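Reader: Could you walk me through how to read strands, burial and charge in a model like this?
Author: Gladly; let us look at it together.

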Amino acid sequence: AGHLRRRSSGPRLCHETIYRHVYGPDGRRDELFRLLPTGRRRRRPRFARKPRGLFVPEANTIAVRPTTIGLRTDFGHWEGDLVAFGKEFGKANLTSLVERKSRYLLLARNPSRHSAGVMSGIASHLGKLPPRARRSITFDRGTEFAFFSTLKRDLGIDSWFCKPQAPWQKGSVENTNGWLRRFLPRHTDLATVSERDLQAIGERINATPRKCLGFRSPREVLEEWLSEETR
């Protein structure tokens, strides 16, 4: 749709028209949803995520998060989200962690959604980095992040939370999850995915150049920053 708008002449249409066709009678008959990156059979409203009731102190809301984090000028500010799979495969899931400036991705495997285990996995992965590379993390209000205070206690990481029903406020990890679903769709049995294969997926995403990074890859940006820190 955006490409057609750039043309001086010829037909035009908006992205909404495309989606209405994909999810309309003709598109459903031809199963056009399979061609979308998410492969989702049914369309969801943009802001359809239901509030899950996690209480967040005012001091940890995104409204009071330092503005420099939103500007992506400093390294070490992350976004976190849970990547769930079909209930028929049990409770196993992944935590996806994306550094805001470099878009670097880390994946942590969890046996369940219990917050203590989820936070332990986050601490294990971010704890391997220098303190200046793990300064804060932004979550949604899922109950799996209820024990966020342990990150501050153990690693000095500040936690911030999006407004209810506003996952777009952590857009880096949301976009990365959409990319991750191409390799690990919801109907994946995570038990059949080895740790080696899981890390290979992360490496492929981290090795892909991004326009927003001046066509450098997240890994290149991370390595450049680490090199400068050690000088």
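Author: Two strands pair if DSSP finds at least two bridges between them. Strands (E, at least two residues) and helices (H or I, at least four) are DSSP runs, numbered from the N terminus. This is a predicted model, in which local features need pLDDT of at least 70 and side-chain atom pairs count only at pLDDT 80 or more, while totals for chains, interfaces and linings use all residues. Residues are numbered from 1 along each chain as its sequence is written, and side-chain values use heavy atoms, with hydrogens and water left out.

Reader: How many bridges join S2 to strand S3?
Author: Six, and the two strands, S2 and S3 (residues 105-110), run antiparallel. Val98 has Leu105 as its bridge partner in S3. Five residues lie between S2 and S3 in their hairpin, and Arg103 in the turn has a positive phi of about 65°.

Reader: In which sense do strand S1 and S2 pair?
Author: Antiparallel, over six bridges, with S1 spanning residues 77-83. Leu82 stands opposite Thr95 in S2.

Reader: Why is S2 largely enclosed by the rest of the structure?
Author: Buried means under 20% relative accessible area, exposed over 50%, and partly exposed in between (1.4 Å probe, protein chains only). Seven of the seven residues of S2 (residues 93-99) are buried, so the strand is largely enclosed. Asn93, Thr95, Leu97 and Glu99 point one way, and Leu94, Ser96 and Val98 the other way.

Reader: Is Arg44 buried or exposed?
Author: Exposed, because its relative accessibility is 54%. Arg44 sits in the loop between helix H3 (25-29) and helix H4 (67-71).
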